[in-house]
Amino acid sequence: MSIIDKVVSAVTPLESDEARREARAKAHSTARPDDWLSLVLQHHEQIEAAFAAVKSASSAAAQTAAQKKLGIVLTGHSNAEESVIYPAMTKADEKGHAGTAYTEQAAAKTQMALLEGLTPMTQEYLDKLEHIRGAVSHHMYEEEKHWFIELHEKVPHADQAKLTQRYQEEFSRYVGRDAELNDTRRRVSGAY
Ligand SMILES: [Fe+2]
């Protein structure tokens, strides 16, 4: 087992679906309309849907296309968190959480690149996909249950607006002209 596999295995889900649902509901109640946390939650839901689409694809071509879509939303979201939200955690004296978050996302990016080298519709491909999905689910749970709730409480209102603007800017920079995701960008143009 590679070091990266060990990192991913070490963080693979321990929490129940119910615990995840509860954490998300609480995070939604903490978020303000169209602020950075509401955007993050929206992107987490898009990531879950994108994983499901890859898993349920009925042909190799469809699975490859779904995997590309997953890659766009997952990388755009991760890059925006790494450029804006995790640095804010560090600034808010949450350096340990930020370090864990960066490590977990680096592992997920590595595994996504390895998935690209596997043959769609094979058991090996589906096993790798499930492995990544589990690790990403756990990572999102940590963000929704603890890390981002604490950050939301610590950051002053004026700085929250800046976080929202910068998160959206970095996300849009990556997803570019993707029609569905641009719809998200239009929705949040008046955030804060
Ligand atoms: Fe996230």
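What spacing do the donors of the iron ion follow along the chain?

1. In this predicted model, the donors of the iron ion follow the spacing H-x32-H-x3-E-x61-E along the chain. Two of these residues link distant parts of the chain, since Glu81 lies in helix 4 (residues 60-91) and Glu143 in helix 6 (residues 123-154), 62 residues apart.

2. The iron ion is coordinated through NE2 of His44 and of His77, together with OE atoms of Glu81 and Glu143, at 2.1 to 2.2 Å. The angles among the four donor atoms run from 82 to 171°, and the site is classed as irregular. Glu81 and Glu143 are both buried.

3. As to the overall fold, the protein chain has eight helices and zero strands, and 47% of its 192 residues count as buried. Among contacts with a separation of 6 or more, 74% are accounted for by residues 24 or more positions apart. The protein chain exposes about 9,600 Å², of which carbon and sulfur atoms supply 55%.

4. The largest nonpolar core has 42 residues, and within it Leu70, Phe148 and Leu151 touch the most other members. At least two residues of this core are supplied by each of helix 3 (36-56), helix 4, helix 5 (95-116), helix 6 and helix 7 (157-175), with the largest share, 10 residues, coming from helix 4.

5. Leu151 deserves a separate look: when its neighbours within four places in sequence are left aside, Leu151 is in contact with Trp36, Ile85, Ala88, Met89, Ala92, Gln160 and Leu163.

Definitions and conventions
Residues are numbered from 1 along each chain as its sequence is written. This is a predicted model: local features need pLDDT of at least 70, side-chain atom pairs count only at pLDDT 80 or more; totals for chains, interfaces and linings use all residues. Side-chain values use heavy atoms; hydrogens and water are left out. Donors are N, O and S atoms within 2.8 Å of the metal (3.2 Å for Na, K and Ca); water is not among the atoms, so sites may look incomplete. Four donors count as tetrahedral if all angles lie between 85 and 135 degrees; four count as square planar and six as octahedral if opposite donors are over 155 degrees apart and all others between 65 and 115; anything else is irregular. Helices (H or I, at least four residues) and strands (E, at least two) are DSSP runs, numbered from the N terminus. Buried means under 20% relative accessible area, exposed over 50%, partly exposed in between (1.4 Å probe, protein chains only). A nonpolar core is a set of buried Ala, Val, Leu, Ile, Met, Phe, Trp, Tyr and Cys residues joined through side-chain atoms within 4.5 Å. Contact means heavy atoms within 4.5 Å. Accessible areas come from the Shrake-Rupley method with a 1.4 Å probe; for residues, only the protein chains shown count as cover.
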